[in-house]
Amino acid sequence: MNANTKTLILGSLPGDKSLEQNEYYAHPQNRFWKVIRHLYNSPNATNYADKVNLLVDNGIGLWDVCAEASRPGSMDLAIKDESPNPIIALLEANPAIKLVVFNGQKAHNLYVKYFEKRKT
């Protein structure tokens with residue numbers, strides 16, 4: 001994320017494979033990167049550095065609603081005892097972010113649980 005980030009995509013919490021590889025959406029069955037490459041017509045962005053650069057070049061940032069949580073395995077349904085990341089502080093520090101989207105229902109529900117809807 002940088003000063004040019006205009007869209008923030010929030011997930012719930014990284015899965016086991018992502019934590020193991022220290023990469024967002026690292027599980028080979030996750031379709032996130034395939035969709036991003038298709039949206040931005042960049043089929044050659046296959047290594048993680050290229051994928052991240054693709055996001056940065058298009059003003060997209062990634063983060064998670066949860067800073068930490070208890071979760072056996074990688075299923076969002078198993079998330080409990082979560083604590084949120086300081087998302088409002090991030091948004092205030094990065095006023096260029098005008099759009100916040102969620103990668104799934106669990107991320108959205110966790111956001112609603114901890115944060116009020118913001119108006120621009």
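I searched the whole structure for salt bridges and found two. My criterion was a side-chain nitrogen of Lys or Arg within 4 Å of a carboxyl oxygen of Asp or Glu. The model is predicted, so I need pLDDT of at least 70 for local features and 80 or more for side-chain atom pairs, while totals for chains, interfaces and linings use all residues. I number residues from 1 along each chain as its sequence is written, and side-chain values use heavy atoms, without hydrogens and water.

Entry: Glu82 and Lys113. Their closest N and O atoms are 2.6 Å apart. I took helices (H or I, at least four residues) and strands (E, at least two) as DSSP runs, numbered from the N terminus. I then checked burial: buried is under 20% relative accessible area, exposed over 50%, partly exposed in between (1.4 Å probe, protein chains only). Glu82 is buried at 13%. Lys113 is exposed at 55%.

Entry: Glu20 and Lys17. Here the closest N and O atoms are 3.6 Å apart. The two residues lie three apart in helix α1 (residues 16–21), about one helical turn. Glu20 is exposed at 60%. Lys17 is partly exposed at 29%.

Entry: strand β1. I looked at residues 7–11 and found five of five buried. Thr7, Ile9 and Gly11 point one way, Leu8 and Leu10 the other. I counted pairing as at least two DSSP bridges between two strands. β1 runs parallel to β2 (residues 60–64), with five bridges. Gly11 partners Asp64 there. β1 also pairs in parallel with β5 (residues 99–102) over four bridges, where Leu8 stands opposite Val100.
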